[in-house]
Structure formats: C-alpha cells, structure tokens
Amino acid sequence: MKHSIRNQHRSEGRQTRKSGGYFVDKLRAYRDMHAHALFSSLGRLVASRFASVMTIVVLAVGISLASGFYILVKNLQQLAGNLETSNQISLFLKEEVSEASANKFAESIKKNPGVLDVKTISKEQALKEFEAYSGFGAAVKALDKNPLPIVIQVLPKNSLEDELVSQNLFEHFKQASEVDFAQMDMQWVKRLQSIMVLARRGVALLSSLLGVGVLFITANTIRLELHNRREEVVIAKLVGATNGFIQRPFLYSGFWLGFFSGVAAWFIVTVTTLVLKQPIEKLSGLYDGSFHVVFLGFLETLAMLGISSVLGMAGSWIVVHFQLRQLKPD
C-alpha cells in the first residue's frame, strides 16, 4: 500500500515537472521567435539603409516639431510662473492699524489654503521704496508724517490657471476690517490665462496632426516593404503560416522606424534648444530676469521614444492587417 502511494506521488511529480518543463519550453520558443523577428527586421532596415534613413529623417522632423512646440510651451509656462509674482493682491491697510496687528493679520492670511505667499511691507519700507523709485524723495522728506500705509502682498496659488481662486481671495480679503483698499489687475491675469490655454491646445492639436502624419508615413513605408516581399508572404501562407506569424517582422520594422525617428528627433530638439539657449538667457539678463531654458527631461524623453515607437507599430499593424486579409495565394 505504501509502495503504491509512493509510486503515485512520483508519477504525479514527473507529470508536474513535464507540464512545467513544457510551459518553460513554450515560453523560450516564443521568446526566440520574437527575438529573431526583432533583429531580422533590424537587419532588413540596415540592408536598405538609404530608404530607411530617408524615412527616419522625415519622421524625425515631424516628431521634433511636436516636441519642439511642447518645449516652447514648457518654457512659456516657466516664464508665466515668473510673471505670476506680479499677479499679487495688494491690501492697503487702514492708517490706524498697527504693525503688530498687521503682522497678525498676515499670519491669518498665510493659513488660507488658496494662498501661496504673503509679504508685509511696513510704512518705513514703503517710504524707502517710494523715495527710491518715485523721484520725489526730497518732497517726501519734507513731510512731518509718513502718509504711506502698511501693505500686505498676497500671492494666490495657481493664479494663472484658475481665475476663480484669485477672484474669490480678492473679494474675501477686500472685506476684512483691517483693509482700507485692495487692488489686483484681473485683466492681466485673464489675458495671460487665455494665452497659456491657447498655447496648450495649439500644441495638443499640432501634436495630434503630426502623430497622424507619422502613422501614415510608417504605414506607407511598411506597405512598400510588404509589396516587395509579396512572394515571400505568399509562400509562407501556402505552407500554413498564420497572419500573426507573418505580421511579426513587419510590426518590429515599424517599431524600429518609430524608435530611431524618436532618437533622431531628440537630437534635433536638443541641438536646437542648445543653439537658442545662450541668446535667450542673455536677453533675459538684459531685462534683469532669471530665465533659464528648459530641456526635455528624462521621463519626457522616454515618453517621446515610447510614443514614436507605438505610432510606428500602429501604422505597421494597420497596413499589414488589411493587406494580409486581401492577399490570398493562388
């Protein structure tokens, strides 16, 4: 009895190992087929290097245009972030409000979740700034009393993205008992918001159109390759090859075209940005600015390579899928 149970366990173990080994062998065969298709498609592109380079250059120009406009908007957002400090709410306090009360009021404003930063300008600081920038320093010194009030400057969060936040804060602080007068240029905020929204939508629209162009250029390239290899495809169908097996090398050809186009586009965008970096930052310095040109980041570069590769494979799949359905061996 024990001997039969032991034999049964051994046979079950052998069956389990066989099934596990079969699964591993299947995975290895699947891996080898994809590796062969991947590198054989790369070899075909290298063999027809002139046509491949021409296609990659055309695709790279389209991808670099989309990426270049994205970088442009990203730098504009940085510039808008610097300009955001000019979208402050200025609260001119009443004359009877003391400096201690003003500091207490400023601390209460900082606790507001919609506020990014608060700055208090005392009467003495305001007087010094007025003397320095107004040109009436001698006249101000002749006064017996400092007529300037304490000013609290409030910087709202995301004032360039959400107009309601700035408007609600302005209305709220204007009604405070300590405030005599409140000021904020809402028209400037609205204009800057409209410009940024228009820029983002323009880049999204242009990127979509260029993406469609990349899709069709890749599809046409793969269509020509499929036409040149028609006899090979027909023979593969005659010996029983499935459409998925025939599609595989063409899909990887589309992947390589998209990937190398993305790499070339990254070089185009980076070199162009480097060429423009020095004159732009020099111009910023002439206006006492601290603007620094932003390049494509690591994740953004990976995203660009991934999107270009996916577009290449998608264009390849579309044309090969429909062509193989129409292609029937005689």
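User: What do the residue numbers and values rest on?
Analyst: Residues are numbered from 1 along each chain as its sequence is written. The model is predicted, so local features need pLDDT of at least 70, side-chain atom pairs count only at pLDDT 80 or more, totals for chains, interfaces and linings use all residues, and side-chain values use heavy atoms, with hydrogens and water left out.

User: How many aromatic pairs are there?
Analyst: The count is 7, where rings of Phe, Tyr and Trp (its six-membered ring) pair if their centres lie within 6.5 Å.

User: Why is the pair of W256 and F259 called edge-to-face?
Analyst: Their ring centres are 6.4 Å apart and the planes sit at 80°. Planes over 60 degrees apart count as edge-to-face, under 30 as stacked and the rest as tilted, so edge-to-face is the label for W256 and F259. Both lie in helix α9 (residues 243-286), 3 residues apart, about one turn of the helix; helices here are DSSP runs (H or I, at least four residues).

User: What makes W256 buried or exposed?
Analyst: Buried means under 20% relative accessible area, exposed over 50%, partly exposed in between (1.4 Å probe, protein chains only). W256 has 11%, so it counts as buried. F259, at 27%, therefore counts as partly exposed.

User: Which residues do ring pairs link into a cluster?
Analyst: That would be F255, W256, F259 and F260.

User: How far does helix α10 reach from its first C-alpha to its last?
Analyst: Helix α10 (residues 298-326) has 29 residues and reaches 43 Å, close to the expected 42 Å. The expected span is 1.5 Å times one less than the number of residues. Buried residues in α10 include T301, G312 and L324.

Notes: Helices (H or I, at least four residues) and strands (E, at least two) are DSSP runs, numbered from the N terminus.
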